[in-house]
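Here are some exercises to work through with the model open beside you. Each one comes with a solution that goes step by step.

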Amino acid sequence: AARRQPKKSLVRIESLSLRPNLPAYLQARKLSAGYRLTLLGGRVSGHLSLSADHNSLQYDGKANGIKINGLEQILQGLDRTIAGILSGSFTGKAVLDGPGLVELQGTGKLLKGEMSFRQPVLGMKKLEFNQLSSQLRYRAGEIFFADGRLESRLLAGEFSGTVKDGDDLGRST
């Protein structure tokens, strides 16, 4: 019989706290809670609520100080390194008895980071940047970026576009 390999964790959550909203439950039978978690040197906090049919979860939140180089298991399919400190705000919906994430929208900012290139661009093997920011929206397997801005010591730029999910990040288009 083949032995099952233990699964590698993608992200380690250092602490998680949930604060149920008891007044909302007593008044309207609405299941909701505030949450706070610490991970990758930063914090994410916000609110979540269960739909009346208990099939979906609505959420919102803010992230601060997340060191994304700790996401190497998730980012390994990109075949490049990315580092920086992530902050942002978001809202979204997840289906509990189905595919999971259904939609997400928000803004994100990556500070004091760098991104390596697969092949040199303008003679550079990587780009160090002061700030990378964008509005984003996820729906139906696509991530839409709008109002993207990049600021570095060497250059500044704007971007927008769509990424379609692949089997992993490296196969996304």
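**Exercise 1.** Classify Lys 126 by its relative accessible area, and find its salt-bridge partner Glu 128.

*Solution.* Step 1: Lys 126 has a relative accessible area of 37% and is therefore partly exposed; buried means under 20%, exposed over 50%, and partly exposed in between, with a 1.4 Å probe and protein chains only. Step 2: its side chain meets that of Glu 128 in a salt bridge at 3.9 Å, N to O. A salt bridge here is a side-chain nitrogen of Lys or Arg within 4 Å of a carboxyl oxygen of Asp or Glu.

A word on the ground rules: this is a predicted model, in which local features need pLDDT of at least 70 and side-chain atom pairs count only at pLDDT 80 or more, while totals for chains, interfaces and linings use all residues. Residues are numbered from 1 along each chain as its sequence is written, and side-chain values use heavy atoms, with hydrogens and water left out.

**Exercise 2.** How many salt bridges does the structure hold? Look at the pairs of Glu 158 with Arg 149 and Glu 103 with Arg 139.

*Solution.* Step 1: the structure holds five salt bridges. Step 2: one of them joins the side chains of Glu 103 and Arg 139 at 2.8 Å, N to O. Glu 103 lies in strand 6 and Arg 139 in strand 7, so this pair ties together parts that are 36 residues apart in sequence. Helices (H or I, at least four residues) and strands (E, at least two) are DSSP runs, numbered from the N terminus. Step 3: Arg 139 is partly exposed at 41% relative accessibility. Step 4: Glu 103 also contacts Tyr 59, Thr 91, Gly 92, Lys 93 and Tyr 138, leaving aside neighbours within four places in sequence; contact means heavy atoms within 4.5 Å. Step 5: Glu 158 and Arg 149 form another salt bridge, at 2.9 Å, N to O. Shared partners also link salt bridges into one network of Glu 114, Lys 126 and Glu 128. Step 6: returning to the Glu 158 pair, Glu 158 is exposed at 66%, and Arg 149 is partly exposed at 40%. As background, side chains of opposite charge can pair when their charged atoms come close.

**Exercise 3.** Describe the fold of the protein chain and find the residues with the most contacts inside its largest nonpolar core.

*Solution.* Step 1: the protein chain has two helices and nine strands, in the order β-α-β-β-β-α-β-β-β-β-β. Step 2: 26% of its 173 residues count as buried. Step 3: the largest nonpolar core has 15 residues, and Leu 37, Leu 39, Leu 40, Val 44, Ile 66 and Leu 127 have the most contacts inside it. Such a core is a set of buried Ala, Val, Leu, Ile, Met, Phe, Trp, Tyr and Cys residues joined through side-chain atoms within 4.5 Å. At least two residues of this core come from each of strand 2 (32-39), strand 4 (56-67), strand 6 and strand 7 (124-139). Step 4: the contacts of Ile 66 include Leu 39, Leu 40, Val 44 and Leu 86.

**Exercise 4.** Where is Ser 51, and which backbone nitrogen does its side chain reach?

*Solution.* Step 1: Ser 51 sits in the loop between strand 3 (42-50) and strand 4. Step 2: at 17% relative accessibility, Ser 51 counts as buried. Step 3: its side chain reaches the backbone nitrogen of Asn 55 at 3.3 Å.

Technical notes
A polar contact is a pair of N or O atoms within 3.5 Å; within protein, one must be able to donate a hydrogen and the other to accept it, and residues adjacent in sequence count only if both atoms are side-chain atoms.
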